[in-house]
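Subject: Handing over the structure, with notes

Dear colleague,

I am passing this structure on to you, together with some notes for a first reading. Please look through the sequence and the model before going on to the text below.

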Amino acid sequence: MKKVISLLMSFVMLLSVTAGVDLSAYAAANSSDKVYSKIIKNLINKYGEPHISENIVLGVCCVELIDFNKDGKNELVVAYNYDSEEVEDRYALNYKIYAVVNNKVKCVKKGLAGVSTGLDDRYGLFFINTKSGVIFETINNSLDALYYTTYSFNGSKFKKKDDYTHALNGNYYMYNDQNISKNTFNKALNQIYFKPAKYEKKGKVVIKKKNIKFIFVDSKYKQNKILVVKRVKNNINRIVG
């Protein structure tokens with residue numbers, strides 16, 4: 001059975017990048033966001049607070065408020081990294097997105113971000129800002145291909161928007177199941193993706209490139225690992241109080 005490893009790269013993006021270290025939330029918290037407090041507390045009770053262990057950021061390692069469909073109400077994005085019993089000597093990074101639907105908090109999307117001892121498979125979450133809203137992106141890695149998928153949110157559920165796929169050996173490049181040239185594929189992919197490791201710097205836990213936004217949930221730098229933990233704790237306090 002083909003084993004698919006989902007990568008979500010360990011960054012989520014900010015609305016802006018200012019000079020120095022930015023530890024602010026993706027979106028400002030308001031009183032209505034208190035509805036997510038119980039969810040956050042339950043995940044912390046199960047997976048632990050953000051902390052560094054064996055050079056890995058474990059526990060709840062991402063907490064972000066994002067208004068995906070620009071209706072004035074924030075959705076909650078949470079990622080958590082834990083020691084996986086399913087894969088020996090590896091770690092699993094998961095994400096969940098919650099929204100208020102019909103006056104109830106519901107999980108509207110969830111998935112596996114990556115399973116690996118290496119950092120590349122646990123880097124984080126991609127988001128793309130558009131005029132109509134924020135697009136969520138996942139990256140899946142199989143034995144022979146990479147799959148980039150974007151999703152839009154309509155207020156109650158996420159719907160697949162676009163698929164970008166290429167073979168690791170370069171034999172094919174596809175956009176929404178249509179074969180295209182490598183050059184056309186790369187131009188299209190550049191609108192939704194960049195390599196976080198290429199732009200990672202000490203003292204930066206957020207990267208912005210054009211309309212693409214990315215937040216680290218882990219880092220190769222110890223200084224940044226500490227900042228990731230601090231950022232998550234700040235965001236938890238803003239929501240939970």
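The notes that follow begin with the model as a whole and then turn to single parts of it.

This is a predicted model, in which local features need pLDDT of at least 70 and side-chain atom pairs count only at pLDDT 80 or more, while totals for chains, interfaces and linings use all residues. Residues are numbered from 1 along each chain as its sequence is written, and side-chain values use heavy atoms, with hydrogens and water left out.

The confidence of the model comes first. The protein has an average pLDDT (the predictor's confidence in each residue, from 0 to 100) of 83, and 81% of the residues score at least 70. Confidence is lowest in strand 1 (residues 5-7), with a mean of 36, and highest in strand 11, with 97. Over residues 1-21 the pLDDT is below 50, although this stretch has 114 contacts in the model beyond near neighbours in sequence; a contact here means heavy atoms within 4.5 Å.

As for the overall build, the secondary structure comes to 4 helices and 14 strands, where helices (H or I, at least four residues) and strands (E, at least two) are DSSP runs numbered from the N terminus. Buried residues make up 52% of the 241 residues in the protein, with buried meaning under 20% relative accessible area, exposed over 50% and partly exposed in between (1.4 Å probe, protein chains only). Of the contacts with a separation of 6 or more, 56% are accounted for by residues 24 or more positions apart.

Helix 4 deserves a paragraph of its own. Helix 4 has 19 residues and reaches 27 Å from its first C-alpha to its last, close to the 27 Å expected at 1.5 Å a residue, the expected span being 1.5 Å times one less than the number of residues. Its buried residues, among them Leu227, Val228, Val229 and Ile236, pack against helix 1 (37-47), strand 2 (51-53), strand 3 (56-66), strand 4 (75-83), strand 13 (206-209) and strand 14 (212-216). Asn224 also lies in helix 4 (residues 222-240) and counts as buried, at 0% relative accessibility. The side chain of Asn224 reaches the backbone oxygen of Lys201 at 2.9 Å, and, leaving out residues up to four places away in sequence, Asn224 touches Glu200, Lys201, Lys202, Gly203, Lys204, Val205 and Ser219. After helix 4 comes Gly241, whose phi is positive, near 85°.

The aromatic rings can be taken next. Rings of Phe, Tyr and Trp (its six-membered ring) pair if their centres lie within 6.5 Å, and planes under 30 degrees apart count as stacked, over 60 as edge-to-face and the rest as tilted. By this rule the count comes to 17 aromatic pairs. One of these is the tilted pair of Tyr164 and Tyr175, at 5.1 Å centre to centre and with 55° between the planes. Tyr164 lies in strand 10 (residues 158-167) and Tyr175 in strand 11 (residues 173-175), so the pair ties together parts that are 11 residues apart in sequence. Tyr164 counts as buried at 7% relative accessibility, whereas Tyr175 counts as partly exposed at 29%. Elsewhere, ring pairs link Phe126, Tyr148, Tyr193, Phe194, Tyr199, Phe214 and Phe216 into a cluster.

Strand 10 also holds Asp162, which counts as buried at 10% relative accessibility. Leaving aside neighbours within four places in sequence, Asp162 is in contact with Tyr148, Thr149, Thr150, Tyr175 and Asn176.

Two backbone angles close these notes. Most residues other than glycine have a negative phi. Asn102, however, has a positive phi near 55°; Asn102 is found in the loop between strand 5 (91-101) and strand 6 (104-116) and is exposed, with a relative accessible area of 67%. Asp177 has a positive phi near 70°, lies in the loop between strand 11 and strand 12 (178-179), and is likewise exposed, at 63%.

With best wishes

Conventions. Polar contact = N/O pair within 3.5 Å; in protein donor to acceptor, adjacent residues only side chain to side chain.
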